[in-house]
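Please open the model in a viewer and keep the selection panel at hand.

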Amino acid sequence: MNAVIIAVLVMVGLSLARVSVVFALVVGALVGGLVGGLSIEHTLSAFNEGVGGGAQVALAYATLGAFAVAISRSGLPDLLARRLIGMLGQEATEARQATVKALLLTAVLLVSISSQNLIPVHIAFIPILIPPLLKVMNQLRLDRRAVACALTFGLTAPYMLLPVGFGAIFLNDILLANINRAGDVLGLEITRGMVPMAMAVPVGGMALGLAVALFISYRKPRDYEALDLATTNVPHHHPESHAAPHTLGLVMAGVAIVAALGIQLWTGSMVLGGLVGFALLSVGGIFKWREADDLFTSGMRMMALIGFIMISASGFAAVMNATGHIDTLVQSSFDIIGDNRGLAALIMLLVGLFITLGIGSSFSTIPIIAAIFVPLAVQFGFSPLATVALVGTAAALGDAGSPASDSTLGPTSGLNVDRQHDHIWDSVVPTFLHYNIPLIAFGWAAAMLF
């Protein structure tokens, strides 16, 4: 059996059994390494060398968590919640609830889309925007799985289609460059205009999946306990924080948010942006200096699991690469195909799914997939557009529904601050069903049509 398949099956199986994702990734990496012929020492060495790749992202999550907890002390989250609850009116009729629910989901979707292209801050907005909205979601009885699907769509679909912001990096600097590099000796050349055109069909499949999630799968009301989010996140919470927010606190919160996002755009560092925002709130008197350590520690604790998952995923990916079984998986899959182009396209997408589920990042898996898939695509006679669709879709499968992807971890970090949103069953499974399955279907259709 192939080590990559075994490792991913072990990881996914343990995760679905509600075992910690960190534990599942570590066990999956160990099993995959041993099945792949590595010694236990070599497996652990590869894992330890790989974990450093996720350290920067983990630190960014921890810093953003601290900033989000500090923002909660400014009164801005309570004000936002009160305004949205006020929109429901004294008598929250079904029609008014439906209107507010639609507005809320639309706003979340638009903000998440903007985070990839218009204001490329990626997941930085989630710990700040989503937690204060949970009270409103609870009152609306809004199923958080629908919110998770909206967030994940906004975090993935835009960069797959629009060559702006993160889309410029994904489409031009990574996807286009790696396909042309792999196809250079084969006479295959892709132009910039081809890439969005080829990816439009798979993104259309994701849009269909989003519509199904919002209007069918998670349309029914779902009840959650009305927990105090600020008390949940901040151990030394004071009763006066429930009072009407002061103007100074609101102004400083606004300044801190703008400064944090501005610093991130300028330097490209979420860590520095979060630290600057936290410092501004402290200098502005939003919380006392002696409380800064408790607040920062509380925010980091809120994001600790997400960070460790990212670190473990980097180690998992390093072990899979060290086994050499990624190449073996591809080659053995095509030994039994013959000249069936339809079956070849399907197997390429399924192989891409197994490769990217464990790694969890389309950006980092494209170099691996392109180097293997481009020669195979040329061998089977796929057109340049079809080749782009196959490689791009296979890579995107890792972001859309992987337990280790920041496109699923990010939504969980915001929706689970009161411990009522399970990462696997409420984020990963819904996004996998509504995005990965349509991506495979529409990616295959694009490969056959182009």
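What percentage of the 450 residues in the chain is buried? Buried residues make up 56% of the chain, where buried means under 20% relative accessible area, exposed means over 50%, and partly exposed lies in between (1.4 Å probe, protein chains only). This is a predicted model, in which local features need pLDDT of at least 70 and side-chain atom pairs count only at pLDDT 80 or more, while totals for chains, interfaces and linings use all residues. Residues are numbered from 1 along each chain as its sequence is written, and side-chain values use heavy atoms, with hydrogens and water left out.

**The whole chain**

Begin with a cartoon view. The chain holds 21 helices and zero strands; these are DSSP runs numbered from the N terminus, with helices (H or I) of at least four residues and strands (E) of at least two. Contact means heavy atoms within 4.5 Å. Of the contacts in the chain with a separation of 6 or more, 80% are between residues 24 or more positions apart. Switching to a surface view, one finds an accessible surface of about 18,100 Å², of which 66% belongs to carbon and sulfur atoms. Accessible areas come from the Shrake-Rupley method with a 1.4 Å probe, and for residues only the protein chains shown count as cover.

**The nonpolar cores**

Next, select Met137, Met160, Leu175 and Phe382. Among the 103 residues of the largest nonpolar core, these four touch the most other members. A nonpolar core is a set of buried Ala, Val, Leu, Ile, Met, Phe, Trp, Tyr and Cys residues joined through side-chain atoms within 4.5 Å. A second, separate core has 18 residues, including Phe67, Ile71, Met252 and Phe278. In soluble globular proteins, nonpolar side chains tend to be buried together.

Centre the view on Phe382. Neighbours within four places in sequence aside, its contacts include Arg341, Ala344, Ala345, Met348, Ala447 and Met448.

Is Met448 buried or partly exposed? Met448 counts as partly exposed because its relative accessibility is 30%. Together with Leu343, Leu346, Leu350 and Trp444, Met448 makes a nonpolar surface patch of about 370 Å². Helix 17 (341-359) and helix 21 (423-449) are the elements that give two or more residues to this patch, and helix 17 gives the most, with three. Patches are made of residues with over 30% relative accessible area and no salt bridge; like charges are joined within 9 Å, and nonpolar side chains (Val, Leu, Ile, Met, Phe, Trp, Tyr) within 5 Å.

**Salt bridges**

Now show the charged side chains. A salt bridge is a side-chain nitrogen of Lys or Arg within 4 Å of a carboxyl oxygen of Asp or Glu, and by this rule there are five. Select Asp143, which counts as buried because its relative accessibility is 3%. Asp143 meets Arg145 at 2.7 Å (N to O) and Arg222 at 3.5 Å (N to O). The bridge to Arg222 links distant parts of the chain, 79 residues apart: Asp143 is in the loop between helix 8 (134-140) and helix 9 (144-161), and Arg222 is in the loop between helix 11 (194-217) and helix 12 (229-233). Arg145 is partly exposed at 22% relative accessibility, and Arg222 is partly exposed at 28%. Asp143, Arg145, Arg222 and Asp426 are linked in a network of salt bridges.

Which side chain meets Asp418 in a salt bridge? The partner is Arg144, at 2.9 Å (N to O). The pair lies 274 residues apart, with Asp418 in the loop between helix 20 and helix 21 and Arg144 in helix 9. Both residues are buried.

Remain in helix 9 and select Cys149. Cys149 is buried, with a relative accessible area of 0%. Apart from neighbours within four places in sequence, Cys149 is in contact with Leu210, Ala213, Tyr218, Pro430, Thr431, His434 and Tyr435. Its C-alpha atom is separated by 9.7 Å from that of Ala211, 62 residues apart along the chain.

Finish at helix 20 (residues 406-415), which is mostly covered, with ten of its ten residues buried. At its start, a side-chain oxygen of Ser405 reaches to within 3.0 Å of the backbone nitrogen of Ser407.

Technical notes: A polar contact is a pair of N or O atoms within 3.5 Å; within protein, one must be able to donate a hydrogen and the other to accept it, and residues adjacent in sequence count only if both atoms are side-chain atoms.
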